[in-house]
Amino acid sequence: MRKVLGAVTALVFALGVATFIGLPGATAQGGGGTIEADVKYNGAPQVEKLKVNKDTEKCGTEAVIEKVVVGGNKGLANAVVSVPGAKGVGKATKTTIDQHGCKFVPHVSVMTPGELELKNSDDILHNIHTYSTANPSINKAQPKFKKVMTEKLEKPEYVKLTCDVHSWMLGWVAVTPGPAAVTDANGVAKIENVPPGKQTVEVWHETLGKQTKDVEVKAGQTTKVSFEMKK
């Protein structure tokens with residue numbers, strides 16, 4: 001009888017282990033795939049130059065506003081590539097934006113809903129002003145002695161960022177529910193650990209708008225997708 005009970009117990013234990021291994025959460029940890037997006041723009045760069053007559057010791061005498069940055073092989077820089085449907089994938093990402101040389105550095109940032117860190121490396125007065133619809137607007141002075149400010153952007157959207165003291169300063173923060181990245185000087189962005197299966201890839205640019213494409217992601221493999229943004 002004891003032998004029978006022992007065999008049954010062992011069988012139940014084995015089935016329990018097999019069931020645990022088969023849980024969706026356990027297999028999801030096995031690793032996803034990588035999406036590599038190539039974003040191009042078949043047009044000329046859009047650059048605006050303005051004379052500066054305030055805080056020139058920190059800002060210089062000319063401000064260059066690069067609304068469309070085109071690199072080698074027509075690659076479009078500063079475009080946000082995201083996978084909105086892959087919510088909750090990976091760790092929360094907190095972004096840091098520095099006000100340096102009277103510019104927002106980097107010009108375009110991505111973050112998951114949460115905290116945004118704002119630095120003031122210029123040692124002069126700046127004013128953080130955000131334009132948003134989903135998140136409450138931020139409009140706060142950041143004096144030179146306040147080197148770091150922390151604010152919250154808790155809902156997904158593309159947030160415009162300006163400085164009321166220096167009107168030419170412009171930046172963007174993409175608050176995304178899923179993984180995201182910003183294209184480099186060649187128009188390329190990589191997003192890793194994307195869950196396998198059909199996914200929608202979204203590309204957004206501050207001047208050229210938004211596009212989406214569906215792709216099939218396979219575990220351990222890189223899926224390439226190309227976009228051509230237009231006016």
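In strand β11, Val148 is the bridge partner of Lys119. Strand β8 (residues 114–120) pairs with β11 in the antiparallel sense over six bridges; pairing requires at least two DSSP bridges between two strands. Strands are DSSP runs of E, at least two residues long, numbered from the N terminus. Buried means under 20% relative accessible area, exposed over 50% and partly exposed in between, with a 1.4 Å probe and protein chains only.

This is a predicted model, in which local features need pLDDT of at least 70, side-chain atom pairs count only at pLDDT 80 or more, and totals for chains, interfaces and linings use all residues. Residues are numbered from 1 along each chain as its sequence is written, and side-chain values use heavy atoms, with hydrogens and water left out.

Strand β16 (residues 197–205) holds Glu202 and also Thr200. Thr200 is partly exposed, at 36% relative accessible area.

| Residue | Partner | Relation | Distance |
|---|---|---|---|
| Glu202 | Tyr158 | polar contact | 2.7 Å |
| Thr200 | Asp214 | polar contact | 2.7 Å |

A polar contact is a pair of N or O atoms within 3.5 Å; within protein, one must be able to donate a hydrogen and the other to accept it, and residues adjacent in sequence count only if both atoms are side-chain atoms.

Note on methods. Helices (H or I, at least four residues) and strands (E, at least two) are DSSP runs, numbered from the N terminus.
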